[in-house]
Every structure is written in structure tokens, then in C-alpha cells.
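Here are my notes on the model below. Please read them with the structure open.

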Amino acid sequence: MSLKVAIVGASGKVGTHLVKQLKADSQHFATPLALVRTAEQVEHWKKVAGIDATLTSIETATVPEITAAIKGYDAVVFAAGAGGKGVERIFTVDLDGCLKVAEACEAAGISRFVLVSAIMAEKREFWWDIPGLREYYIAKRSADREVRCTKLDYTIIQPGWLTDDASTGKFVKASDAERVFAQSREIARADVALFIKEALLHPKEAGRKTIPLINGSEPVAQFLSEL
Ligand SMILES: NC(=O)c1ccc[n+]([C@@H]2O[C@H](COP(=O)([O-])OP(=O)(O)OC[C@H]3O[C@@H](n4cnc5c(N)ncnc54)[C@H](OP(=O)(O)O)[C@@H]3O)[C@@H](O)[C@H]2O)c1
């Protein structure tokens with residue numbers, strides 16, 4: 001098996017970890033495709049990192065344009081985000097950008113779709129009164145809900161607070177994550193990427209599931225087997 005994966009948000013911190021991890025595992029993954037939004041990023045990914053890249057901003061591209069960019073790939077990962085750059089971009093990237101990519105997957109006949117959302121997205125009582133997070137979480141929750149209504153074989157990953165710590169490869173059991181989150185909230189971006197890779201390799205375990213992710217003590221194989 002050599003899975004062809006297109007990554008939206010490849011230039012981001014999670015996306016960069018993911019590109020490296022997929023590229024390092026040539027036994028399971030073909031050269032990934034980065035969907036990025038500047039010509040410099042295209043140049044970087046093609047010439048410096050040696051992967052495929054296309055100039056496709058999910059805000060300005062139409063669904064047919066995104067469809068054309070991802071056509072022929074086996075799976076699409078959405079790891080993009082507005083990164084706190086205003087409410088308008090939360091709507092155009094985290095919400096509508098995600099939905100445009102999901103529509104493009106359907107149009108391109110790609111069923112596997114992995115979305116990076118955020119932990120506790122379903123829990124309005126958690127985020128409603130957190131300054132600066134309400135609009136972000138409205139977008140994340142709405143995107144998750146729309147994706148769940150599609151026929152896509154989705155995996156919605158809901159990480160806790162992201163860090164740049166080294167990978168541990170270990171997670172809190174998914175069914176315990178929201179309870180544990182009251183005391184321990186962090187997940188390394190490298191481990192989010194590691195789990196995206198595992199989810200791509202194990203669609204039976206991870207498909208059509210919403211999975212909260214924080215660092216804990218379970219190795220990834222055990223974590224996956226308990227989903
Ligand atoms: N921060 C947290 O604690 C936290 C917690 C849970 C979930 N998350 C979510 O985790 C995800 C990944 O986080 P991260 O730290 O890797 O984020 P990041 O470093 O900010 O990366 C986001 C990427 O999205 C890209 N992007 C933005 N607009 C785009 C567009 N129009 N077209 C194509 N790409 C676009 C950005 O491109 P540029 O590089 O060109 O700007 C960037 O590369 C995000 O969805 C975030 O909301 C974050």
C-alpha cells in the first residue's frame with residue numbers, strides 16, 4: 001500500500017510535522033501533496049522539501065478548483081486554521097474552508113477525510129465564556145457537524161492545547177479525554193501528526209469517529225484499539 005495524501009495547511013506547524021512523518025514512511029505513503037497559499041511555500045515544498053505542492057488557498061479557490069487540485073489522491077487531511085487572525089478568517093478558513101474541502105473530496109470521489117478540529121467543540125458550556133474562543137469554537141463545532149452529515153469516511157481529531165514539545169507517542173484513552181482535560185490539557189503537535197498518520201493507516205478503527213487527543217500514557221496502538 002502506498003497512500004497518496006493531500007494536506008491542506010501543510011505549511012502550518014501540525015502540517016509540517018505531518019509532511020515529515022509521511023515522507024519518512026515511504027513504505028506506506030507516496031509523496032504527499034501540500035495545498036498552500038503562497039508561491040514561496042510552493043517553491044519551498046517542491047525544491048527544499050521534495051514533495052508535491054499546489055498554490056490553492058481554500059479561501060479564494062472555488063470548490064471545482066480545490067477538486068482539481070486533490071483529484072487522484074486517496075485521502076485529504078485538513079490541518080489549516082486561521083490562527084487567531086480575526087473572526088472573518090475564522091469563518092473563511094476554519095468553517096467554510098473546511099466545508100469547501102469536504103465538498104471537493106465528495107466531488108473528486110475521495111472518501112477518506114481527516115479533519116483537525118479542537119477538543120470540547122461540542123461543549124458550549126466550556127467555551128462560550130472564554131474570551132476570544134467563542135467564535136473559533138462556533139466555527140469548529142459547525143464544521144465538525146457538517147462533516148458528520150456527509151457520507152465521507154471522516155476522522156475528526158479534536159486536540160487539546162497544542163505544544164511544540166517532543167513527541168511522546170502516548171495518549172489519554174479517548175473516552176477519558178474530556179474528563180482528564182480538566183487537569184491536563186496539552187498535546188504535542190508532533191503527536192497530533194503521528195495520530196493523523198495512524199488514522200490514515202487504520203480507517204477501520206478511526207473512520208467515522210470524532211476523537212479527542214491529549215497526551216497521556218497509552219501507546220498509539222492501544223489507543224486505536226480502544227476507539
Ligand atoms: N493552538 C491550539 O492550541 C489548538 C488547539 C486545538 C486545535 N487547534 C487547531 O489545530 C490546527 C493546526 O494547528 P497549527 O498550530 O498547526 O496551526 P498553524 O501553524 O497556524 O497552521 C495553520 C495553517 O493553515 C494555513 N492556512 C490558513 N489559511 C489558509 C488558506 N486560505 N488556504 C490554505 N491554507 C491556509 C496556514 O497557512 P500560512 O502558513 O500561509 O499562514 C497555516 O499553514 C488548526 O486548525 C487549529 O485551529 C489548535
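**Notes on the fold**

1. The C-alpha atoms at the ends of residues 9–203 are 21 Å apart, and this span is 46% helix and 16% strand. Helices (H or I, at least four residues) and strands (E, at least two) are DSSP runs, numbered from the N terminus. UniProt lists residues 9–203 as "domain: NAD(P)-binding", in an unreviewed entry. Such annotations may be inferred rather than shown by experiment.

2. Some ground rules. This is a predicted model: local features need pLDDT of at least 70, side-chain atom pairs count only at pLDDT 80 or more, and totals for chains, interfaces and linings use all residues. Residues are numbered from 1 along each chain as its sequence is written.

3. Seven strands form an open sheet in the order 3-2-1-4-5-6-10, with parallel pairing. Two strands pair if DSSP finds at least two bridges between them. Strand 3 (52–55) and strand 10 (209–213) are the edges; each has a single partner strand, so one side of each lacks a neighbour in the sheet. On average, neighbouring strands are turned by 20° against each other, direction ignored. Axes here are lines fitted to C-alpha atoms, for helices over the stretch in contact; angles run from 0 to 180 degrees between N-to-C directions.

4. Now the pairings. Strand 2 (residues 33–36) runs parallel to strand 3, joined by four bridges. Val-36 sits opposite Leu-55 of strand 3. Strand 1 and strand 4 are parallel, with four bridges; Ala-6 has Val-76 of strand 4 as its bridge partner. Four bridges also link strand 4 to strand 5, again parallel, and Ala-75 faces Arg-112 in strand 5.

5. Is strand 4 covered on one face or both? Both: Ala-75 and Val-77 are buried on one side, Val-76 and Phe-78 on the other. Buried means 20 or more other C-beta atoms within 10 Å of the residue's own, with C-beta atoms placed from the backbone.

6. Strand 4, helix 4 and strand 5 form a right-handed β-α-β unit. Right-handed means that, with the strands pointing away from the viewer, the path from the first strand over the helix to the second runs clockwise.

7. The axes of helix 4 and helix 6 come within 9 Å and cross at roughly 10°. That makes the two helices roughly parallel (angles under 35 degrees). Residues in contact (C-beta atoms, placed from the backbone, within 7 Å) include Ile-90, Phe-91 and Leu-95 of helix 4 and Tyr-136, Ala-139 and Ala-143 of helix 6.

Key
A residue is buried if 20 or more other C-beta atoms lie within 10 Å of its own, exposed if 12 or fewer, and partly exposed in between; C-beta atoms are placed from the backbone. Angles under 35 degrees count as roughly parallel, over 145 as roughly antiparallel, 65 to 115 as roughly perpendicular and the rest as oblique. Two residues are in contact if their C-beta atoms, placed from the backbone, lie within 7 Å.
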